[in-house]
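Dear colleague,

Please find below the structure that I am handing over to you. My notes on it follow directly after.

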Amino acid sequence: MPSASTSPDSTRVPVLDLLRLAAVGAVILYHYGFWGTASHGVQKVALPYLAPIAQYGFLGVPVFFAISGFVIAYSAEGRTPVGFAIARFSRIYPTFVICMTFTFLATLLLGHDYFHATWQQWLANLFIAAPMLGQPYMDDAYWSLVIEVVFYAWVALFLAWGIFPRRIDTIIVAWIAITFANELTLDVPLFEKLFMADDSGFFAVGLLIYEHYRGRRDTRLYSLLTLAMGTATFQAVHKLERLGVHTHGSFDPRVVTAICIVSLGIVFAATRIKSVPLPDIVVRAVGGITYPLYLLHLQLGYVILLLITPTPDALSTALVVAGMVALAWFVWRFLESPAHYLVRDRLTMLASRHGWPSRIGADDARINSSRIAAPAEAGRIANH
């Protein structure tokens with residue numbers, strides 16, 4: 001379990017934990033202040049007066065992707081493809097199952113006329129990509145988790161080929177080329193999903209920020225970072241037409257552009273800040289609750305909100321959001337860590353029995369350590 005120490009931890013990037021909470025806060029604002037709970041196709045927006053601001057909260061998700069690019073590059077250091085896969089699976093899947101099951105039970109028992117769930121839907125959602133099995137997501141927010149898993153799969157594959165992060169520049173250039181080829185000409189849905197063509201720029205920004213974090217300072221890095229930020233901004237603006245049709249909203253591309261540039265700049269700046277004037281346990285809690293909070297806030301929050309009142313207002317919304325934060329803390333504090341360590345240790349032992357090490361050998365470690373600007377820092381951030 002997390003330590004109760006209040007001393008700073010040099011193995012973390014604490015501002016990223018705070019940024020995670022800001023990003024999930026933006027998404028919550030979007031879902032409650034603009035998107036709204038829906039009953040028979042009728043939107044029930046709890047905070048309509050915030051809609052002009054809340055409608056841009058959807059950008060919290062791609063900011064998560066940028067942070068994920070950084071964290072996953074950190075997580076891959078020193079690990080074999082099998083070790084990386086075990087680390088990622090044990091980190092995201094147990095928490096996902098816990099939160100998805102909470103949402104399912106609440107919807108099944110309390111959804112009434114507003115929301116419905118079936119055991120078949122629950123079973124399909126155990127595979128995360130439920131629509132591939134003909135069932136809807138238990139929570140509409142789960143679509144982004146599928147993208148994360150695809151990203152993890154690519155990183156594991158590149159690790160197996162021995163080109164990550166050694167050929168990171170080539171990977172990013174090829175990835176961005178495929179992105180623009182699909183977005184501007186091909187428009188193949190399979191390519192969009194397989195290569196994350198709607199969000200690749202954000203992941204690429206995170207990967208390149210990690211390159212800078214560990215000491216790289218060449219012109220090519222800054223050129224690629226500029227290209228990746230431009231791609232990310234293009235992708236965010238490119239989504240607006242579809243988003244406008246889907247939500248019946250009107251989005252200003254200039255606002256989206258500004259938010260993207262500023263947000264990605266803040267992520268970059270966050271990696272240069274070594275400490276924050278907050279107790280370490282608070283920073284850990286902030287970082288720890290963001291994943292379960294993201295998984296719980298939407299469907300489960302809507303069920304509780306409409307159970308309280310069919311006409312949501314600011315007070316009922318604030319109570320529900322506070323309740324989701326408390327539940328997310330409970331999941332993080334008492335359920336997530338035991339499940340994570342149990343799954344990780346069992347899978348690591350199983351892999352070892354088959355001769356699949358989780359860490360690279362000593363010779364490879366010495367080679368990799370020469371690439372890292374601050375090798376003593378490589379570690380615990382990869383667990384988030």
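Ser200 lies in helix 9 (residues 200–213); helices here are DSSP runs of H or I with at least four residues, numbered from the N terminus. Ser200 counts as buried because its relative accessibility is 1%, the limit for buried being under 20% with a 1.4 Å probe and protein chains only. Leaving aside residues up to four places away in sequence, Ser200 touches Trp175, Thr179, Phe195 and Gln235, a contact meaning heavy atoms within 4.5 Å. With Gln235 there is also a polar contact, side chain to side chain, at 2.9 Å (N or O atoms within 3.5 Å, one able to donate a hydrogen and the other to accept it; residues adjacent in sequence count only if both atoms are side-chain atoms).

This is a predicted model, in which local features need pLDDT of at least 70 and side-chain atom pairs pLDDT 80 or more, while totals for chains, interfaces and linings use all residues. Residues are numbered from 1 along each chain as its sequence is written, and side-chain values use heavy atoms, without hydrogens and water.

The mean pLDDT (the predictor's confidence in each residue, from 0 to 100) of the protein chain is 89, and 89% of its residues reach 70 or more. Where pLDDT is low, the predicted coordinates should not be read in detail.

Trp119 is found in helix 5.

Kind regards

How values were computed:
Helices (H or I, at least four residues) and strands (E, at least two) are DSSP runs, numbered from the N terminus. Buried means under 20% relative accessible area, exposed over 50%, partly exposed in between (1.4 Å probe, protein chains only).
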